[in-house]
Amino acid sequence: MERISQVQYLTALQGSMRALVALCALIIFLLCSRRSNSYVPAFKYLKSFAIVMGLWGFTSAAFFIYPETNLLPAIRPLIYATIAFGGPAFLFFSFAYTLPHRLHWMKRLHLLLIFPGIVTILLLVPPLQKYIIIFTDELIYIPYRDILELYQPLYYVHIIYAYLAVLAGIALLIRKTIRSPKDSSTGNKLAILAATLFILQHGFSCFGEKDSLFFWVPSISVILCMLLLFFTLYYDHSEQVIFKGQSALLENIPFPILFLNNKFVVIYTNEHGKAIYNQAKDKSHQLVYRSDVLQQYSLFESTLTYQQEISRQFIQRKDNGQLFLLQEQPIDGERHKGQMMMIIPLTSFQNFFSALEDKAFRDSLCNCHNRHYLEYKQKEILVQDRLPLSVLMCDLDNLKSINDLLGHHKGDEYIRMCHDEIRASIRKDDLIFRIGGDEFLVLLQRAPAMVAQNIAKKIEDRVFLHKEFKPHKIGISVGTATITHLDKSLEECIQEADKAMYARKQRHKQEAI
């Protein structure tokens, strides 16, 4: 009787210790959630590990505190399932802690959860069968303590699987400890100690005496493991400072910066680069490559080798034509190899180029196009949908005498006045070019010869009405020519209009006599 009472007492204490594990896991989960903005990726996976250990503590507490319940057939398999998931959860934490720059591999590591998932399903099938018997035969209680004997091979297989996952995590932690500076290795050693306690918990749970006085070892080991892992992240300020510094620095840079690994896969970008990253991301693929990003731009030829020196080249957005300077710099450190891309908007350069183009192709006096623009765009002007295309050649009368007698400022007013009257006589989509000091060329799109002649007469009449340049007589001579088929060149049409203009000018001189 004394022996039975002592066993019941120890069982209740074990249940209380496992409940303490669940409470500690909840506290660790809440602490990690509060520090989710610390830029340390391992906190996220420590939360997952705390969830698994919390479920282990909760189900174990229910098993030991209430061993004679109808829930017993389902509780014990759940305990084994949490053990199966505990190993991969610890491996995920170790990977995120030791290799934060390789987090894009984590989706592949999640495949390790397939085997524990299958084990969990197989462990839950017998309890479901037992419950079916309960409901069909109307039995109130069926003790179910033989799952270890029925599934002993599978049980040990998934325990070994969990051990291997934990050992892989320890190997990563040891690697980090060896490669880290001495002044920042204390946190890594704490993590290794935590992993050792986690293995100790597994071994004692599986092979220890359930009713011995050392029943507290698994629970205390799990609690210490979670606390050590949390304080490892809390103590190891180097990772936290690095990630905070990187984030603060990169987010303050007002242009996109993308980091790529040695396979040219984008692994990190600042806030300005997320728009480019999201546009390049194909939903059917997990990764975004350098080529996916640069597909959005037109590239100029570059002769620089990417992995040897800094590459700089001009690129242009295909959608809006905006110019950028693409600078790529290799990252060749002891721990990290890859490449950094900076896409710098050339707003000031664009303004400069626009001003330069405006100065080269636009007449400063009349703010219309000049001869250079006509030569640059003449192949684009003569197209089928603009026919018939009429040319007006306009020449100002007596400009030289006005400049000589009234001054060049009056001559400039005369030129601007003639330009304004030409612009007022034509349509908005028609083009005006100042091709000389006193000559304008007008291109009338989709205008037959008769329409061109009428507009020429209208321009001459409007200029003749101005009287502000007395006593000098002013006027403008306009000659016309029309292209109806593409077999006639624009140069030929301009020459024809120029001859008509000189004929018109001679006529004006004769009328003045």
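A salt bridge is a side-chain nitrogen of Lys or Arg within 4 Å of a carboxyl oxygen of Asp or Glu. The model is predicted: local features need pLDDT of at least 70, side-chain atom pairs count only at pLDDT 80 or more, and totals for chains, interfaces and linings use all residues. Residues are numbered from 1 along each chain as its sequence is written, and side-chain values use heavy atoms, with hydrogens and water left out.

**Exercise 1.** Find which parts of the chain the salt bridge of Asp395 and Lys505 links.

*Solution.* Step 1: the side chains of Asp395 and Lys505 meet at 2.4 Å, N to O. Step 2: Asp395 lies in strand β8 (residues 389-397) and Lys505 in helix α18 (residues 490-512), so distant parts of the chain, 110 residues apart, are linked. Helices (H or I, at least four residues) and strands (E, at least two) are DSSP runs, numbered from the N terminus. Step 3: both Asp395 and Lys505 are buried, where buried means under 20% relative accessible area, exposed over 50%, and partly exposed in between (1.4 Å probe, protein chains only). Step 4: shared partners join Asp395, Asp397 and Lys505 into one network of salt bridges.

**Exercise 2.** Describe how strand β9 pairs with β7 and with β10.

*Solution.* Step 1: two strands pair if DSSP finds at least two bridges between them. Step 2: β7 (residues 369-370) and β9 (residues 431-434) are parallel, over 2 bridges; Asn370 has Arg434 in β9 as its bridge partner. Step 3: β9 and β10 run antiparallel, joined by 4 bridges, and Leu431 stands opposite Leu443 in β10. Step 4: 4 residues lie between β9 and β10 in their hairpin.

**Exercise 3.** Identify the elements with the lowest and highest mean pLDDT.

*Solution.* Step 1: pLDDT is the predictor's confidence in each residue, from 0 to 100. Step 3: where pLDDT is low, the predicted coordinates should not be read in detail.
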